[in-house]
Structure formats: C-alpha cells, structure tokens
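Please read this report alongside the sequence and the structure.

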Amino acid sequence: MGTSTPFSGPKSGNPLVPDFVDDDTAGAAPPTAPAPQDGDGVPPVPPAPAPRPAPMPPPMPDRFRSARLNFTKFASSGGSDRRALGRAVSQYVSQAAGGSVSAARRMGSSRGAAARIAGFLGDVGSRGLQAALATLNMAGLAGRPAADILSALVEHFCPEGGSIDEGIARDAFMETVIDLADAGVTDMANLTSEQMQTVLELYVAHTIEDRIYNDVGIKGVEVPSDINAAEAVRDQLHDFILGGVADAFSEAAIDFAAIDSTALGQTIDRIYEAAFDILEALGEEESQK
C-alpha cells in the first residue's frame, strides 16, 4: 500500500523539512553575470540578498504518535472507522507535519514535478500535442495513448534520484499514469481543461498520500492481512485525500489555455498549502461525526 520507497517512518526529533527536500520548485538560478563597474572602476554595492524562507519551528516531541495510532485504528477497522481516519489525517497535518505551510514545504520534489506537468499540459492546450512533444524531442510519441505518452516523459517530469522525496514524486507519477484510463483520460491530443486538471489532481493526491505513508511509517501501522480490507483502507484514504486536493484546485482555478509559466511554481505551492489546509479541516470535521 502506498509508495515503493517505504520505511519505518521518521523519528520525532527529525526536522520538519529535511535537508534533502529542495524548496526551489523553479530549479537552480542561472549563473550570475560579472558585476558592472562605475566610472571609477569600483563595483557598485551589491543588492541585499533575497530573504530566506522563515525557519521551521522545532518539531513537537512524539509528533507522529497520535496520527500513527489513529491510522492503525482506521486500518484495523478495515476502513469502517471514518472518525479514526479523520483524526489521523487532521493530526498528521497539524502535529506530525507542523501545519499546512510546513507540510507543503516537505513536498519539494513533488511540487517541482507538478509544476513541470502543469507546464506541459498548458503547452499541449495552447500549441497542440505535436508541438509540445517536439519541444521535449519526443514528437514521435504523438498519436499514442495518454498513458504511453506520459510514461515516456517520466524522466522529464520526475528525474530519478536517491532521496525519499524524489522517490515519492516519481512513484506518485507512475500511480497517476495507471489511474488515467479509469479517469477517462486517454487521448492526449484532445484533452479538455477538465481532464488536464484531473491529471494534476491525481498526481498531487498521490504525492500527499505517499508522503503520509512514508512519514507515518508503514512498519508503524498495522495493515489488515485480508487483501480486500487492505484495499478498502487504501482506497478510502486515497479518495479522502483526492477530495481535498480537488477542492484546492477548484479554488486555484488554473486556466490551462493561458498558464503563466513565471508564476506556475507559486501557484502549485499555494495549491499544496490549500490542500493540506482543507485536509486538516475535513479530517477534523470527519472526526466529529
């Protein structure tokens, strides 16, 4: 259940945003040109450096404990204990991840991949599939099913790396590709705006789901031995997360016909923050039923 990079879960003393998470969704900055000089040959005073993101607060002791206990309770019920699911998700965001802003910053590679996927889909919408693929030297893929095309672009969207963060981004993309047919996304050349949003919603939902699996720790949660019960647990968690993500995309209202590539990274960041905010609220609401 979940990503193919599972482990027993991080320790409570680990930083909220690990060092391996790259917080720059736009990639590395271009090389700096030599500083100009004034008439006397004296370099001008350099501008002040851009402010760094605010440091994350120190992690709460045992911050994973409550979420793990409730995920275990939900899993042990075979998916029937929705109140435990709500508490688990809400506590994951508010306690384990340190709130929606911190939770979103933990999704470094996933945010970057989501921005690249969104940029490609916007290019397909504005210039057509053939032109968008030609930009990536993949024009020969035109005419093939959507799942085949996107599978072939995995290295472009989610370069393979050694960190858990990169593994989550990559695994979530492949899980998204598997879901495309069921979601009715089969023809890349004639994608509607709604289908483009569906691709992104599925991807973001899978990244959050896989992040939770890895943070909570598969070895720390008792999963039902019955395959049907285990699948019910997985499906309910995925649907719960997908619902929150869909709400976040509805609020963002991305126009795929006129995507602003310069602001795309910031848009994806806001979507992740909004998704975690919504999931925390939905989880709290579910726990009170």
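## Confidence

This is a predicted model. Mean pLDDT for the protein chain is 84. A pLDDT of 70 or more is reached by 76% of its residues. Over residues 1–8, pLDDT is below 50. That stretch still has 31 contacts in the model beyond near neighbours in sequence. Residues 24–33 also have pLDDT below 50. Here the model shows five contacts beyond near neighbours in sequence.

Where pLDDT is low, predicted coordinates should not be read in detail.

## Helix H1

Helix H1 covers residues 65–76, 12 residues in total. At 1.5 Å a residue, H1 should span 16 Å. The expected span is 1.5 Å times one less than the number of residues. H1 is followed by Gly 78, which has a positive phi, near 70°.

Which residues of H1 are buried? They are Ala 67, Arg 68, Asn 70, Phe 71, Thr 72, Phe 74 and Ala 75.

Ser 90 is found in helix H2, which runs over residues 82–96. Its relative accessibility is 6%. The cut-off for buried is under 20%, so Ser 90 counts as buried. Leaving aside residues up to four places away in sequence, Ser 90 touches Glu 280, Gly 283 and Glu 284.

Ser 109 lies in helix H4, residues 108–127. Is Ser 109 buried or exposed? Ser 109 is buried, because its relative accessible area is 17% and the cut-off is under 20%. With residues up to four places away in sequence not counted, Ser 109 touches Arg 116, Asp 165, Glu 166 and Ala 169.

## An exposed glycine

Where is Gly 140 found? Gly 140 is in the loop between helix H5 (129–135) and helix H6 (146–152). The relative accessible area of Gly 140 is 72%. Exposed means over 50%, so Gly 140 is exposed.

Gly 140 and Gln 130 are 10 residues apart along the chain. Their C-alpha atoms are separated by 8.5 Å.

Definitions and conventions. Residues are numbered from 1 along each chain as its sequence is written. This is a predicted model: local features need pLDDT of at least 70, side-chain atom pairs count only at pLDDT 80 or more; totals for chains, interfaces and linings use all residues. Side-chain values use heavy atoms; hydrogens and water are left out. Helices (H or I, at least four residues) and strands (E, at least two) are DSSP runs, numbered from the N terminus. Buried means under 20% relative accessible area, exposed over 50%, partly exposed in between (1.4 Å probe, protein chains only). Contact means heavy atoms within 4.5 Å. pLDDT is the predictor's confidence in each residue, from 0 to 100.
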